[in-house]
Amino acid sequence: MKETFNTQLMHPRDQIAIIMGRIYKRGLTTTSGGNISLRDENGDIWISPAGVDKGSLQPSDIVCVKKDGTVVGNHRASSEFPFHKAIYEIRPDITAIIHAHPPALVSFSIVREIPRTNVISQAKHVCGPIGYAAYELPGSAALGAKIAEEFLKGFKAVIMENHGTVVGGSDMLDAFQRFETLEFSARALLYGKLVGEPSYLTDEEIDAFEEQIPHLLPEMEEVSHPSDERAKRQEICKIVHRACNHGLMISSYGTVSVRWQGNDFLITPTGTPRWDLQIDDIVQIKDGKREPGKMPSRTTYLHQEIYARHPEINSIILTQSPYLMAFAVTGAQFNVRTIPESWIFLQDVRSLPFGIQFKGRMEIPEILSTDNPAVMIRNDSVLVTGDKLLQTFDRLEVAEFSAKSLVMCAPFGKMVPISDEQVEELRSVFLKG
Ligand SMILES: [Zn+2]
């Protein structure tokens with residue numbers, strides 16, 4: 001059973017070791033690079049050590065720098081301790097800091113630009129405006145001063161010139177979510193640039209998205225959890241964790257649902273960080289009512305409508321993955337006629353305008369069909385449907401792989417799709433009967 005990440009009760013040592021492991025596993029830091037710290041209620045700063053393998057960091061490796069400067073632990077504190085301390089001194093609202101050199105954000109830092117987070121609504125919402133700190137020697141007090149100056153302006157995320165990024169959070173999960181979302185946005189923009197020109201949402205469009213008042217289903221009076229319902233909870237959690245581990249979902253965004261019985265279904269909640277989703281977070285929707293005390297995904301109405309209209313659809317994944325988002329943020333054609341597998345799994349994926357996913361809009365359930373199992377929503381997400389959840393996940397993986405191949409082939413030349421005749425041949429052999 002997966003341990004629940006609890007920022008209130010889990011020891012700073014454990015929080016730092018877990019988040020470092022996650023960042024390393026997702027390819028967001030190297031063996032020696034990056035550092036993470038947490039300030040506790042005594043004002044002591046817990047920080048990852050200098051010179052210890054980030055790929056196998058243990059809670060016992062974490063160092064504590066007391067308020068009076070005494071260092072407790074088995075190692076030296078990270079050489080970047082001075083800037084962590086400088087940020088904490090001026091920002092009482094920040095209790096966790098993550099610094100690393102993730103490749104896409106470094107790309108921005110070496111061309112000396114700040115990624116524009118208006119590209120996706122959640123990115124702007126989670127990251128906030130981004131600061132920019134001029135170059136200084138790593139580990140120096142001067143670097144600490146430059147970074148602190150940016151945080152003093154109110155930023156929670158800063159690009160460090162020719163170096164990397166540093167983000168703060170109200171707690172460790174808040175910091176991790178911001179770090180992960182910022183690197184994700186940078187990737188979507190970079191990959192997008194290889195296939196087209198990113199388009200951005202206006203502040204008004206983002207506000208309209210964030211201010212939608214979710215239509216809350218009424219609460220059910222009594223709730224029961226038969227074994228088949230429990231099995232589906234487990235199934236959803238496993239797929240969400242797998243999607244996070246494989247870069248197909250980030251903490252701040254993504255909804256998964258599975259049909260349970262008739263038109264009743266189980267769906268992920270709103271707001272819970274996806275990496276840490278637990279079986280009791282999942283929300284049961286039965287006879288148009290929600291499990292009491294729980295807040296299902298804001299897109300519940302959409303899932304409800306899809307299940308009601310499409311008896312063949314038994315699971316839905318709505319997510320953002322970096323290569324698919326390259327197409328969603330640019331509007332470049334996502335042509336799945338790359339290899340037989342891609343076309344058989346996806347057929348032609350339609351790109352729909354931003355706003356179509358808003359509450360009350362019914363176009364998506366109308367467009368979906370056995371010939372259109374997946375759709376892309378501009379500057380928002382990709383929605384994939386299928387029978388079994390594993391099949392839907394596989395379809396999502398195929399879509400992300402196809403998008404990756406299309407992005408990767410761009411510098412070599414124009415992709416040559418398989419022909420209409422070849423597509424018809426695939427249809428008659430693999431999809432008919
Ligand atoms: Zn660094």
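1. Basis of the values. The structure is a predicted model, in which local features need pLDDT of at least 70 and side-chain atom pairs count only at pLDDT 80 or more, while totals for chains, interfaces and linings use all residues. Residues are numbered from 1 along each chain as its sequence is written, and side-chain values use heavy atoms, with hydrogens and water left out.

2. The zinc site. The zinc ion has as its protein donors His99 (NE2), His101 (NE2) and His163 (NE2), which lie 2.1 to 2.2 Å from the ion. Donors here are N, O and S atoms within 2.8 Å of the metal (3.2 Å for Na, K and Ca), and since water is not among the atoms, sites may look incomplete. Along the sequence the donor residues follow the spacing H-x1-H-x61-H. Histidine 99 is buried, at a relative accessible area of 2%, whereas histidine 101 is partly exposed at 34%; buried means under 20% relative accessible area, exposed over 50%, and partly exposed in between, with a 1.4 Å probe and protein chains only.

3. Helix H3. Helix H3 covers residues 103–110, and its buried residues are Ala104, Leu105, Val106, Phe108 and Ser109. Helices (H or I, at least four residues) and strands (E, at least two) are DSSP runs, numbered from the N terminus. The buried residues of H3 pack against strand S6 (130–133), strand S7 (157–160), strand S8 (164–169) and helix H6 (172–195), where contact means heavy atoms within 4.5 Å. Just after H3 comes arginine 112, with a positive phi of about 60 degrees.

4. The open sheet. Eight strands, in the order S12-S11-S10-S9-S13-S16-S15-S14, make up an open sheet with mixed pairing. The edges are taken by S12 and strand S14 (350–352), each of which has a single partner strand, so one side of each is left without a neighbour in the sheet. Two strands count as paired if DSSP finds at least two bridges between them. S14 and strand S15 (residues 374–377) run parallel and are joined by 3 bridges, and leucine 352 has isoleucine 377 in S15 as its bridge partner.

5. Strand S16 (residues 381–386) is mostly covered, with 6 of its 6 residues buried. Ser381, Leu383 and Thr385 point one way from S16, and Val382, Val384 and Gly386 point the other way; in a regular strand the side chains alternate between the two faces of the sheet. S16 pairs with strand S13 (residues 315–319) in the antiparallel sense over 5 bridges, leucine 383 in S16 being the bridge partner of leucine 318. S15 also pairs with S16 in the antiparallel sense, over 4 bridges, and alanine 374 stands opposite valine 384 in S16. These two strands, S15 and S16, form a hairpin with 3 residues between them, and asparagine 379 in the turn has a positive phi of about 50 degrees.

6. Salt bridges. The structure holds 23 salt bridges, each being a side-chain nitrogen of Lys or Arg within 4 Å of a carboxyl oxygen of Asp or Glu. One of them joins glutamate 291 to arginine 233, with the closest N and O atoms 3.0 Å apart. Glutamate 291 lies in the loop between strand S12 (289–290) and helix H9 (300–309), and arginine 233 lies in helix H8 (residues 227–245), so the pair ties together parts that are 58 residues apart in sequence. Glutamate 291 also meets lysine 294 in a salt bridge, at 3.1 Å from N to O. Glutamate 291 is buried at a relative accessible area of 6%, and lysine 294 is buried at 17%. Through shared partners, salt bridges join Glu229, Arg233, Glu291 and Lys294 into one network. Glutamate 197 and lysine 193 form another salt bridge, with the closest N and O atoms 3.0 Å apart, and both of these residues are exposed.

7. Aspartate 280. This residue lies in the loop between strand S10 (264–267) and strand S11 (283–286) and is exposed, with a relative accessible area of 53%. Leaving aside neighbours within four places in sequence, aspartate 280 is in contact with Arg233 and Lys294.
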